[in-house]
Amino acid sequence: MQDTDSWETITFRAKKPKNTPQGIEKARQQGLAVETSRKFNAGGNKQGPGVPTNAGRIAEDRNSIDEDADKIEVKHVSRDVSRVIQQARSELGITQRDLAVRVNVPASTVADYEAGRGVPNQQVLGKMERVLGYKLRGKDIGSKMEPKHPKGKQAAATGASAGAGAGRGASRKH
C-alpha cells in the first residue's frame with residue numbers, strides 16, 4: 001500500500017503590480033527598482049526621420065484621382081421620359097405610390113424619374129412601360145404600346161379556330 005498521508009507544499013505569491021501609472025508610483029514608494037522605457041514608434045503609424053515614405057507619391061495619386069472624379073457625369077432620365085411618365089400616370093388615374101407598387105420599386109424612385117433626377121434603369125423602365133402602356137425607351141418615346149396577347153388567346157386573335165383541329169387535344173385518340 002502506498003503512503004497517502006504525504007502532502008505537497010503549495011505556495012501562493014502575491015500578484016505583480018500592473019504597469020499602470022499608479023502601480024509604478026506605488027512600487028517607487030516601496031523602494032523597489034523601477035525601470036520604464038518607451039517602445040519605438042508605438043501607438044501609431046507615424047513615420048520617423050530616416051524611414052522611407054511614399055507620402056509624396058500618394059499625395060500626387062490622390063490629386064489625380066480627385067481630378068478624374070470631377071469629370072464623371074451621371075446620366076439622368078430625360079425630360080421627355082419624365083413627361084411621358086407623368087402624363088400616362090395621370091391618364092390612368094394612379095398615384096406615384098400606386099405606380100411604384102405595381103412596378104415594385106420605392107415611391108421615391110418614381111418621384112425621381114418624374115422629376116428627371118432618376119438614373120435610368122432598363123428593368124424599371126421596362127416595367128413602367130408595361131404598366132403605363134407607353135414607350136419609355138428607344139426612338140419612339142411616348143408612343144402608345146400595343147397590348148400583347150396572352151399565349152392561349154393568340155390563335156383566336158389571328159383567326160384560327162380551335163374546332164378545326166388546331167388545338168392541343170385534337171390529335172389525341174380516345
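The chain exposes about 15,600 Å², and carbon and sulfur atoms supply 50% of this area; accessible areas come from the Shrake-Rupley method with a 1.4 Å probe, and for residues only the protein chains shown count as cover. This is a predicted model, in which local features need pLDDT of at least 70 and side-chain atom pairs count only at pLDDT 80 or more, while totals for chains, interfaces and linings use all residues. Residues are numbered from 1 along each chain as its sequence is written, and side-chain values use heavy atoms, with hydrogens and water left out.

The chain has seven helices and zero strands; helices (H or I, at least four residues) and strands (E, at least two) are DSSP runs, numbered from the N terminus. Of the 174 residues, 16% are buried, where buried means under 20% relative accessible area, exposed over 50%, and partly exposed in between (1.4 Å probe, protein chains only).

If residues up to four places away in sequence are not counted, L136 touches V81, V84, I85, L125, M128, E129 and I141, contact meaning heavy atoms within 4.5 Å.

At the start of α6, a side-chain oxygen of N121 reaches to within 3.0 Å of the backbone nitrogen of Q123. Just after the helix, G133 takes a positive phi of about 85°.

In helix α3 lies R89. R89 counts as buried because its relative accessible area is 15%. The side chain of R89 reaches the backbone oxygen of I94 at 3.1 Å. Apart from neighbours within four places in sequence, R89 is in contact with I94, T95, Q96, L99, E114 and L132.

A27, by comparison, lies in helix α1 (residues 21–29). A27 is also buried, with a relative accessible area of 9%. Leaving aside neighbours within four places in sequence, A27 is in contact with L32 and V34.

How values were computed. Polar contact = N/O pair within 3.5 Å; in protein donor to acceptor, adjacent residues only side chain to side chain.
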